[in-house]
Amino acid sequence: MTAQVAERVDDDPLDAIAEPVPCVRCSNGALLTIVGRCPDCISDMGRNFPDEREAWKQELTAAIESREE
Ligand SMILES: [Zn+2]
């Protein structure tokens with residue numbers, strides 16, 4: 001059973017998506033980034049850097065709008 005799971009993981013295309021991406025803000029690798037920021041930075045901005053968070057939200061809005069075209 002364990003061997004079967006390992007084989008399936010090797011062939012899983014989602015594996016490539018789960019590669020850590022370096023955060024543009026703190027450079028830590030993160031499995032999930034939103035317009036380049038890792039979840040740690042997003043919560044840090046939300047608590048401590050409202051101006052930075054506002055700029056990030058505008059980038060996020062722009063990214064969503066360009067995807068919709
Ligand atoms: Zn970060």
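The loop between β2 and α3 contains V35; helices (H or I, at least four residues) and strands (E, at least two) are DSSP runs, numbered from the N terminus. Although V35 is not a glycine, its phi is positive, at about 35°. In general, most residues other than glycine have a negative phi. V35 is partly exposed, with 15 other C-beta atoms within 10 Å. For this classification, a residue is buried if 20 or more other C-beta atoms lie within 10 Å of its own, exposed if 12 or fewer, and partly exposed in between, with C-beta atoms placed from the backbone.

The structure is a predicted model, in which local features need pLDDT of at least 70 and side-chain atom pairs count only at pLDDT 80 or more, whereas totals for chains, interfaces and linings use all residues. Residues are numbered from 1 along each chain as its sequence is written. The protein has an average pLDDT (the predictor's confidence in each residue, from 0 to 100) of 85, and 75% of the residues score at least 70. Confidence is lowest in helix α1 (residues 2–11), where the mean is 54. The highest value, 97, belongs to helix α3 (residues 39–48).

Four helices and two strands make up the secondary structure of the protein. Read from the N terminus on, the order of these elements is α-α-β-β-α-α. Of the 69 residues, 7% count as buried. Contacts were defined by C-beta atoms, placed from the backbone, lying within 7 Å. Among contacts between residues at least 6 apart in sequence, 11% join residues at least 24 apart.

S27 belongs to the loop between β1 (21–22) and β2 (29–30). This residue counts as exposed, with 9 C-beta neighbours inside 10 Å.

Strand β1 includes V21, which is partly exposed, with 15 other C-beta atoms within 10 Å. When its neighbours within four places in sequence are left aside, V21 is in contact with G29, A30 and T33. The C-alpha atoms of V21 and L31 are 6.2 Å apart in space, with a separation of 10 residues in sequence. A18 is located in the loop between α2 (14–17) and β1. With 10 other C-beta atoms within 10 Å, A18 is exposed.

Helix α4 (residues 50–68) comprises 19 residues. From its first C-alpha to its last, α4 reaches 27 Å, close to the 27 Å expected at 1.5 Å a residue; the expected span is 1.5 Å times one less than the number of residues. The number of buried residues among the 19 of α4 is one, so this helix lies largely in the open. A62 is part of helix α4 and counts as exposed, with 11 C-beta neighbours inside 10 Å. The C-alpha atoms of A62 and V35 are separated by 9.8 Å, the two residues being 27 apart along the chain.

Helix α3 contains S43, which is exposed, with 12 other C-beta atoms within 10 Å. Between the C-alpha atoms of S43 and R53 the separation is 9.1 Å, for residues that are 10 apart along the chain.

Note on methods: Contact = placed C-beta atoms within 7 Å.
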